[in-house]
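Welcome! Take a moment to look over the model, then read the short briefing that goes with it.

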Amino acid sequence: RTLSFYDLRGQPSLLKEAKLRGFSDRQIALALGPSADHLDELGTSPALLPVDHGSQRYAGGPVMEGHIRHLRKKLGIVPMVKQIDTLAAEYPAETNYLYLTYSGQEHDVDLVGGDKQCSEVQIKNLIPAIPEPLTLKCNEPSKPRGKDEEKDSRIIVLGCGPYRIGSSVEFDWCSVSCVRTLRSLGHKAIVINCNPETVSTDFDESNRLYFEELSHERVMDIAELESPRGVVVSVGGQTPNNLALGLHRSGVRILGTSVEAIDACEDRNKFSQLCDALRVDQPEWSEFATLEEARRFCTMTGYPVLVRPSYVLSGAAMRVVSNDDDLEIFLKTAAVVSRDHPVVISKYISGAKEVEMDGIGNGGELVNYAIAEHIENAGVHSGDASLLLPAQRLFVETHRRVKRISQKLCKALRISGPFNIQFICKDNEVKVIECNLRASRSMPFISKTYNVNFIELATRIMTGPTGAGPVRPAIIQPMDLDYVACKCPMFSFGRLKNSDPCLGVEMSSTGEVACFGTNVHEAFLKGMLAANFKLPKKNIVISIGPQSAKNEFVSSGAAKQLQDMGFSLFATKSTHECLSEGGVACSFVYKPLIKREPNVLTLLQGGKIDLVINVPDSMDSSGVSLKNSGKELGDS
């Protein structure tokens, strides 16, 4: 039978056994909370897991993670800190490699908060207005600090966690830069990360390193033991950023930009209201809980639209939808449309340029910034797009508007630390897509291009003024640079059989390279070659779906330029007709699924094709088959 919370309270040995076997407070709460009929349903829905970091003493109703934490602390069931033995037990190990376990009887290291491990937590709720940013020099508890305490100033830095698509070495560079700056300022840096591949987990990078998962439970355990003066959540990517709200409610001091500001950006309703109040333009959007409501919005704004389900099944994520039928199919097969899980739909602007602004704020004032542009049009995830820095093809007025909007948001959110804003620009109109109050994956690229460590500036701001005075902006003159930098993504489609090498709103890249050139063309070419792109030598296959893309390919002179460079062009049916009408000589070939000759698959298998240019009008089987054929045979 399913145990109740009161049953578990009467069996402390059972709770101890569960913790020894590795069950988290969240998992235990899930097992106790709902009835057995709903366990399977809740187990598949991360959105429905019981998380309430503000809960303390249980008073009936659903069991939350906070209830289990409060219970086990009252029962004295708390983890011990142990050192990783790097000397194979031959000699006593003195190392800063630490981990937490429920199997120990005592701590291996001295801990300031060891005697307070079982004390109750003072719950702290968000306030309606965005407060002043938190530094070490202000808003600290009024208790005077002695010289020894100042000397033993401990700050926790949350790392990026496991490397995966969307979170990789870029965020580890940010974490390491933050840790090094903290140590140079005389603070003791404590790193929490569970990835042995990272530089942040090297033995000499931090004063103490906890090889632990980045979860609310683990971070709170360490925070209570170490009693840090603050925690930095803005340099490790989205994973630590997601922990900010729970840590704040549990009384942990988050350094830099306030948690209220982070919540205002992560919550789309709040961010939309903020943009409206500041008169900052953004694409039309709304939340929906029924298919009819979604269809009505799409009819009003017009297709295409970007659909972002709050809760998705089978790994589905965002999708660009072009008509009612596609909308209905996608929502019924990939998303849960209900009042509990609303779907966010926003107007998708075709043919627009995406621009990124990475900046450092200090109490709402923009200290330093960098504006980069995507080579690809909007609609490709920023992690998959090629980036140019400084921006090369922006109108001066567009540049001014981007900076002006960034200053407005920085001031309204009282940003102190790193942040990233993504814009969509078309015909000198600038709209905000989203704002992330953390370091972006472009921060290392920008810092190296401008030779200014943005994270070092941000860390100095988050810790507060030192004896050297306030942080001053670095001098950056993009117009004086005699080079252009280009960041290109790298993909692993060739290692994944039957994967579709088509870029969209969901990130797919598994790495990136950055190159410098005297102009934009040299920088981009160097970047593509560094990303293993093979330059064609003779034959190119062209298959373009949308009629507008075909017309642009001919009218822009791109097709004629390829011909003038001596390439032999091959094209599928409709593309062949368009090129021929435009006066471009090309040979006709059939698509792979049409079993007739001359067939593009036969040419690919014979090694006669060097490059495939494929622009599908939809995710149809012909386009996927053609792209996969080129991918698997090693063509660019």
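Predicted model: local features only at pLDDT ≥ 70, side-chain atom pairs only at ≥ 80, totals over all residues.

Residues are numbered from 1 along each chain as its sequence is written, and side-chain values use heavy atoms, with hydrogens and water left out.

**The sheet and its helices**

- Six strands form an open sheet in the order β1-β2-β5-β4-β3-β6, with mixed pairing (strands are DSSP runs of E, at least two residues, and helices are runs of H or I, at least four, numbered from the N terminus; two strands pair if DSSP finds at least two bridges between them).
- β1 (80-83) and β6 (230-232) are at the edges with a single partner strand each, so one side of each has no neighbour in the sheet.
- β3 (residues 154-158) and β4 (residues 188-193) pair in the parallel sense over five bridges, and V157 stands opposite V191 in β4.
- Helix α7 (residues 169-184) packs on the sheet, touching β3, β4 and β6, and its direction makes about 175 degrees with that of β3 (contact means heavy atoms within 4.5 Å; axes are lines fitted to C-alpha atoms, for helices over the stretch in contact, and angles run from 0 to 180 degrees between N-to-C directions).

**The cores**

- The largest nonpolar core has 52 residues, and L158, Y210, L247, L413, F423 and L437 touch the most other members (such a core is a set of buried Ala, Val, Leu, Ile, Met, Phe, Trp, Tyr and Cys residues joined through side-chain atoms within 4.5 Å; buried means under 20% relative accessible area, exposed over 50%, partly exposed in between, with a 1.4 Å probe and protein chains only).
- A second, separate core of 34 residues includes L255, I360, A458 and I461.

**Helix α20**

- In α20 (residues 573-581), the buried residues are T575, H576, C578 and L579.
- They lie on the same side of α20, because they cover an arc of only 165 degrees around the axis (taken from the directions from the helix axis to the C-beta atoms).
- The face turned away from that buried side carries the exposed residues K573 and E581.

**The cysteines**

- The count of disulfides is zero (a disulfide is a pair of cysteine sulfur atoms within 2.5 Å).
- The sulfur of C486 is 3.6 Å from its closest cysteine sulfur, in C488, which is too far for a bond.
- C515 is in no disulfide either, as the nearest cysteine sulfur, that of C488, is 7.0 Å away.
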